[in-house]
Amino acid sequence: MDPPQELAAAGRKRRRRGGVRNRKRLSSQKGLPPATAPPTPASPPVKRRRKDIAGQAAAMPKRGNTSSLLDKMRARLSGGHFRMLNEKLYTCSGEDAFDYFKNDPNLFDVYHTGYQEQMSHWPEQPVNVIINWLKSQNASWTVADFGCGNAAVAKNLKNKVFSIDLVSDEPSVIACDMAHTPLEPSSIDVAIFCLSLMGINYPSYLEEANRVLKPSGWLVIAEVRSRLDPSNGGADPEKFSKAIIQLGFSLVSKDVKNRMFILFYFRKKEKSKVAKSIDWPQLKPCLYKRR
Ligand SMILES: C[S@@+](CC[C@H](N)C(=O)[O-])C[C@H]1O[C@@H](n2cnc3c(N)ncnc32)[C@H](O)[C@@H]1O
């Protein structure tokens, strides 16, 4: 779970707004150690200015180095902002996350620039594994991509795809808290959650998927490996699967061959029945450390 990760380029072109203000608003999830995730930024320590006797800055960057120094400082700030937003998403409810981004949709760009930078260092992208799986299935299936990010699933498939996220960067993306989507009941063949079970109320996202899925519909979940690694403070993957089975699904297969994530392929039972009380395991946040 810890290949070197760099966030140097993250958000160079982005605005950095509300860092201190937003950090203050950050709520923390108590009692759970964070899931290990690759460290974020990026830049080597910035040299502090040292004054010589004449009062001149001895370590002042030479003219040619000024822009690279500024870039490094920007990357560091941007990396910090990404980590703050990432922690926010893992430690609040979907409803709070929706309100938060609605107030400042630019923060969504900051988050996704940082996220894409992180993912560029993963040996395999879970979303690509899911896209390839879907390509091998029926192109007439209707897909719902819960927490779609940059809507890669919709962009790479012929299927009808409902892309859902907290903010809509493009008209095809439905902006909502995915615990409450506008999708019709029993209208979807495949529901996808690719690293998107972030909110503390994640079971309500799966309940929503259950509502919109047709009988025998697929539920495909990719989740960060360390969140489901009991030896590392993560949840027991068996308990996680059992809870989803109690929701009315069968576990068809589990793909554990990737170092960074686990993939679950569930299918809604033809005559599915939700258990009266489901023992959902708590999923710890996946926090990115600074290097
Ligand atoms: C880690 S990103 C993954 C993005 C995409 N699935 C991928 O694999 O590239 C998780 C996404 O889930 C979205 N998300 C988290 N909670 C959400 C909620 N309650 N409602 C809608 N989207 C949510 C985030 O905004 C973010 O875009």
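**Reading strand pairing and helix packing in a predicted model**

User: Over how many bridges do S7 and strand S8 (residues 261–268) pair, and in which sense?

Analyst: S7 and S8 pair in the antiparallel sense over 6 bridges, where two strands pair if DSSP finds at least two bridges between them. Residues are numbered from 1 along each chain as its sequence is written.

User: In what order do the 7 strands of the open sheet run, and which are the edge strands?

Analyst: The order is S4-S3-S2-S5-S6-S8-S7, with mixed pairing, and the edge strands, each pairing on one side only, are S4 (173–175) and S7 (249–255).

User: How are two packed helices described, and at what angle do H2 and H4 pack?

Analyst: Two packed helices are described by the angle between their axes and the distance between the axes. Here helix H2 (residues 66–91) and helix H4 (residues 106–119) pack at about 105°, their axes 9 Å apart; axes are lines fitted to C-alpha atoms, for helices over the stretch in contact, and angles run from 0 to 180 degrees between N-to-C directions. H2 is therefore roughly perpendicular to H4, a term for angles of 65 to 115 degrees. The contact (C-beta atoms, placed from the backbone, within 7 Å) includes Phe82 and Leu85 of H2 and Val110 and Tyr111 of H4.

How values were computed: Predicted model: local features only at pLDDT ≥ 70, side-chain atom pairs only at ≥ 80, totals over all residues. Helix = DSSP H or I, 4+ residues; strand = E, 2+ residues; numbered from the N terminus. Parallel < 35°, antiparallel > 145°, perpendicular 65-115°, else oblique. Contact = placed C-beta atoms within 7 Å.
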